[in-house]
Amino acid sequence: MSKEIDIKQGIDWTTVWLYAALVFFGWLNIYAAVYNPDNPADSILDIFSLKHRAGVQFMFISLSFLLMLVILFIDYKFYDTFGYIIYAFMILVLIATIFLSTEIKGSRSWIKLGSFSLQPAEFAKTATALALAKYLSTQNVNITRFRDAVVAGLLVFVPPIIIILQKETGSALTFAAFVMVLYREGLSGVYPALGIVFAILFVLSLIFPNYYVIAGIAVLCVAFWYLFLKRFERTRQNLTRIIAVFLLGSFVVLGVDFFVNKVLQKHQQKRVQVLVNPDADPLGAGWNVTQSRIAISSGQFLGKGYLKGTQTKFDYVPEQATDFIFCTVGEEWGFIGSVGVILIFLALLNRLINLAEKQRSKFSRIYGYCVAAILFFHLLVNIGMTIGLMPVIGIPLPFLSYGGSSLWSFTILLFIFLKLDAHRSYKV
Amino acid sequence: MFDNRKQTILGFIFLVGIIYVLRLFYLQVIDDTFHTLGSTNAIQKEIQVPLRGQIYDRNGRLLVANVEVYDMLVTPRKVKSIDTLTFCKLLGITRGYFDSTMNAAKEYSANRTSLFMRQLSKEDYGRIADAMVNFPGFTFEQSFFRTYPGNTMANALGYIGEIPKKQFEEQTVPYYRKGDYIGLTGLEKYYEGELRGRRGVKFMMYDVHGEEKGVYQGGKFDTLAVIGKNLYSSVDIEVQQLADSLFQNKVGSVVAIEPATGEILAMGSYPTYNPSLLSGREFSKNFLSLTRNPDKPLNNRAVSAFYRPGSTFKLVQAAIGLELGVITPSTSFASTGSMFVFHSGPYEASNLNYAIQLSSNPYFYNVFRKIIGNNNEKSPFQSARIGLNVWNGMVAKFGFGRKLGIDLPSETKGLLPDVARYDKVYGKEQWKFSNIYSLSIGEGELGVNVLKLANLCATLANRGYWRTPHLIKGIGANGKGIDSELRKVHKTDIDPKHFEAVVNGMSLVIKQGTGRASNLESVGIEVCGKTGTSQNKKGKDHAIFIAFAPRYNPKIAVACVVENGGFGGVASAPITGLLIEKYLTRKISRQAYKEQVINTRYTTVAASAGAKAAPKPINPDAPEKTPEKPADNKIKPATKPQAR
């Protein structure tokens with residue numbers, strides 16, 4: 001009895017409302033995406049019909065309400081205590097999935113449970129977050145120490161490797177989000193900075209011929225040597241360092257070339273090329289990017305109005321209800337609606353990070369950062385892909401995209417943190 | 001340090017947020033590529049071309065009508081694995097046509113429709129339509145082409161054709177699409193805005209497979225096609241067709257006006273062409289052959305040819321002379337002492353009537369001299385300047401040297417010399433009456449088209465005013481909406497009372513003078529007219545005749561020019577007489593005479609030399625002069641005595 005009241009008081013209602021707003025808005029837009037203006041529904045209640053995805057999503061939403069309650073009623077210490085066990089169990093499920101799954105669109109990441117399919121990869125993020133939080137909050141573990149960093153790295157890298165084996169590259173990539181957490185916990189800023197430099201080199205080497213990029217790096221190195229280093233700094237050691245930077249940069253450029261042309265599969269190659277030049281293949285690989293752009297752009301400032309979009313219906317935009325749900329937002333709600341969604345996400349992320357910083361337990365803080373990092377990474381890639389700033393990577397927009405696995409996994413991820421946070425205030 | 005890292009992370013997150021918002025702002029607000037309806041692929045604009053307005057004659061008979069046809073369109077992306085050979089056979093086209101048209105369409109857009117084939121007849125369409133299920137990607141759009149039940153008036157009606165590239169690019173308000181039909185000449189051009197109607201636009205939704213998904217937003221943005229307005233012409237198709245037949249074997253032009261209203265009753269330019277030649281699929285081929293004809297059948301001579309008014313202009317001189325008081329109806333001039341040598345015989349110009357009847361050159365030389373000298377200036381140079389200025393102003397009121405404002409696009413201004421013109425030719429104050437005297441008989445630096453002559457005739461019939469001549473007297477169902485400019489009354493400076501003497505002279509021209517060939521006394525109509533012979537350096541003179549009838553309360557004023565017809569009384573007067581008779585009595589009493597006129601042949605210099613009969617350039621030397629002889633029914637070469 002008392003527990004119930006405590007949770008009501010302790011839970012961060014701001015986060016809950018932001019979550020609810022996103023889920024509700026997502027649900028409306030899923031209905032818009034499946035709505036057929038050619039054959040309009042007689043009743044407003046059509047949105048609940050299980051004949052289409054909006055109705056199914058409503059069921060998913062209802063079930064996630066149950067999940068919330070379950071999470072909030074489980075003792076908060078459970079997550080800390082069972083962090084590794086949950087993680088280990090998840091790894092087993094991921095491996096089992098490869099063998100148990102039925103192949104859907106070339107991917108072996110779905111497990112069939114009766115008439116529903118679940119994608120364990122979605123839940124692996126939560127498990128990894130718990131394990132990582134538990135490990136980093138262990139006494140004497142220090143991320144700046146090489147040995148500990150390697151362990152943390154292993155925790156983060158094992159699940160995506162298995163997921164890649166399931167041929168679900170998009171989900172695997174999201175584990176890169178944990179870099180943000182590691183950075184917060186003391187990992188040298190060099191690593192994320194290197195990541196960004198790597199990304200820039202990656203894009204440059206796609207746009208320009210390799211040798212131009214390498215020449216560019218060389219020019220920068222020489223300029224750095226003569227313009228930024230004072231005479232006494234031009235030591236043999238620093239020269240060696242700069243040459244190393246140059247070689248590393250060149251290696252990355254050539255490596256990207258090799259990776260794109262030799263390692264990636266044809267359809268993946270095209271997705272990367274389309275990022276640089278969507279017009280190269282407007283009817284093929286560029287189709288998604290082009291159509292998504294047309295849909296969003298045609299929404300203009302105020303949007304076409306709810307259910308009045310045309311591009312996002314009639315199958316022009318692929319995966320309109322799932323990965324490309326943001327197109328529906330852009331087309332029907334316009335600039336106002338799109339920015340609204342981004343602002344709600346930013347408010348949520350801001351709230352989460354501030355809550356995480358307030359945590360007294362290290363475990364809660366790190367887990368909070370994990371939640372923020374994962375949500376942010378999805379936002380970054382998903383919206384970036386619909387507006388043509390990111391390659392087409394099939395990951396959902398949290399809370400908005402259609403799909404039980406995705407909605408439930410994000411709900412679990414978020415509400416575990418809210419549960420932990422609820423116990424911050426009255427614990428001591 | 002930890003706090004610092006939190007800020008860095010939040011900063012990075014917000015930076016991404018800002019970049020995304022800016023990108024969205026660019027996509028949704030700034031970049032308008034996909035903002036207009038129909039620019040996206042889900043909504044496609046379907047154009048419904050309305051039928052073009054029809055044109056009727058003054059008695060409600062059709063001059064221009066439409067035939068419904070079907071244009072075939074192609075969407076290249078949808079054309080998949082078709083049996084090209086069967087397809088070509090079905091449509092009766094060559095493989096080469098298919099390939100080149102398809103390539104052009106692909107080049108334009110794979111997803112949008114391009115024109116594949118124009119103007120399939122209803123029968124062809126019916127034959128092909130069923131077979132089209134085997135040829136996806138081809139659609140039909142209803143269209144039309146023009147037909148001409150009256151088979152006449154090609155030059156005044158004009159023709160329609162694909163919008164010229166330049167005009168397409170220079171549209172201030174974008175309306176026309178590439179390949180749209182537009183009036184290119186004549187009434188089709190002048191009344192394009194009324195005739196074309198308004199295109200309907202329908203926004204249809206299509207899914208990604210090209211299947212129709214209904215009307216966009218219940219048709220909120222659609223506009224209905226509005227059919228073009230019909231035009232009601234003042235032309236009398238029977239008079240017009242008679243003119244067509246009378247002008248067989250001749251080059252020239254005829255215009256008939258109802259004087260009181262300015263309504264044009266007939267307007268012919270000859271040789272003309274069959275208007276259906278420039279309608280339909282054979283347009284380009286026929287157009288080329290028409291442009292190659294040395295007699296320029298595409299020119300509307302009625303409004304754009306250049307002739308000297310010749311002796312018809314003497315009527316203007318007479319009216320001005322009377323108004324200025326330099327002559328009276330009984331003024332006489334000796335036939336000697338002018339710069340024109342009057343040809344032999346009893347043509348002593350003892351009064352104005354007689355001078356008009358005989359078209360006396362010396363008489364009007366003197367009239368003009370008096371007009372020019374009608375001031376107190378001693379210097380002949382100064383005097384000529386002042387006189388010409390007054391004269392110019394009064395002649396201009398007759399519509400000379402300006403556009404009359406007819407509802408046709410190609411009207412020319414003609415030529416009316418002013419002081420500045422002679423200053424330029426001779427130098428300031430370096431010219432006097434003896435330099436410009438040829439104007440007195442309508443030669444020299446005067447230029448008119450046939451419309452202007454008809455208008456002069458109407459002005460005389462009205463005794464001093466004219467109304468803007470026009471071909472169209474009603475637009476649309478209620479016949480309203482005509483520009484009031486086209487109904488304007490233009491007054492001359494001449495008091496109406498002075499015209500009686502002039503008209504009397506014109507009546508004598510018909511009864512016993514140079515225009516006897518158009519005498520209609522046998523059917524009880526008093527015709528008033530005047531012959532003219534327009535000099536033409538390239539060859540034989542052009543025969544001019546103007547006439548109106550009846551003398552009192554005139555109903556029709558006609559001007560007729562037969563190029564290289566020689567003397568006006570011979571070549572043009574008979575045609576004019578027959579037209580007047582037809583209009584006023586609805587029949588021709590003299591069938592044999594009509595046949596004779598039809599069979600008379602005048603060959604133009606242009607046709608025989610294959611060159612264009614260019615207007616005579618301004619000649620500072622004393623112009624040749626052409627006296628006129630009484631008409632007879634044979635063609636006589638006009639004699640050309642020396643000027644001095």
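Strand β11 (residues 252–258) and strand β18 (residues 556–562) of chain B are paired in the antiparallel sense, with 6 bridges between them; strands here are DSSP runs of E of at least two residues, helices are runs of H or I of at least four, both numbered from the N terminus, and pairing requires at least two DSSP bridges. Within this pair, B:Ala256 stands opposite B:Val558 of β18(B).

The model is predicted, so that local features need pLDDT of at least 70 and side-chain atom pairs pLDDT 80 or more, whereas totals for chains, interfaces and linings use all residues. Residues are numbered from 1 along each chain as its sequence is written, with chains lettered from A and ligands numbered from 1 in the order in which they are written.

The β11–β18 pair belongs to an open, antiparallel sheet of 5 strands in chain B, ordered β12-β11-β18-β17-β16. At its edges lie β12 (263–270) and β16 (528–534) of chain B, each of which pairs on one side only. From one strand to the next, the twist averages 10°.

Two helices of chain B lie against these strands. Helix α18 (residues 450–461) lies across β11, β17 (542–549) and β18 of chain B and runs at about 145° to β18(B); angles run from 0 to 180 degrees between N-to-C directions of axes fitted to C-alpha atoms, for helices over the stretch in contact. Helix α21 (residues 573–585) of chain B packs on the sheet, where it touches β11, β12, β16, β17 and β18, and its direction makes about 150° with that of β18(B).

Chain B as a whole has 23 helices and 18 strands, and 45% of its 644 residues are buried.

In chain A, the axes of helix α5 (residues 83–100) and helix α7 (residues 146–165) come within 9 Å and cross at roughly 10°. The two helices of chain A, α5(A) and α7(A), are therefore roughly parallel to each other (an angle under 35 degrees). Where they meet (C-beta atoms within 7 Å), the residues include A:Ile91 and A:Ile98 of α5(A) and A:Val158 and A:Leu165 of α7(A).

Technical notes:
A residue is buried if 20 or more other C-beta atoms lie within 10 Å of its own, exposed if 12 or fewer, and partly exposed in between; C-beta atoms are placed from the backbone. Angles under 35 degrees count as roughly parallel, over 145 as roughly antiparallel, 65 to 115 as roughly perpendicular and the rest as oblique.
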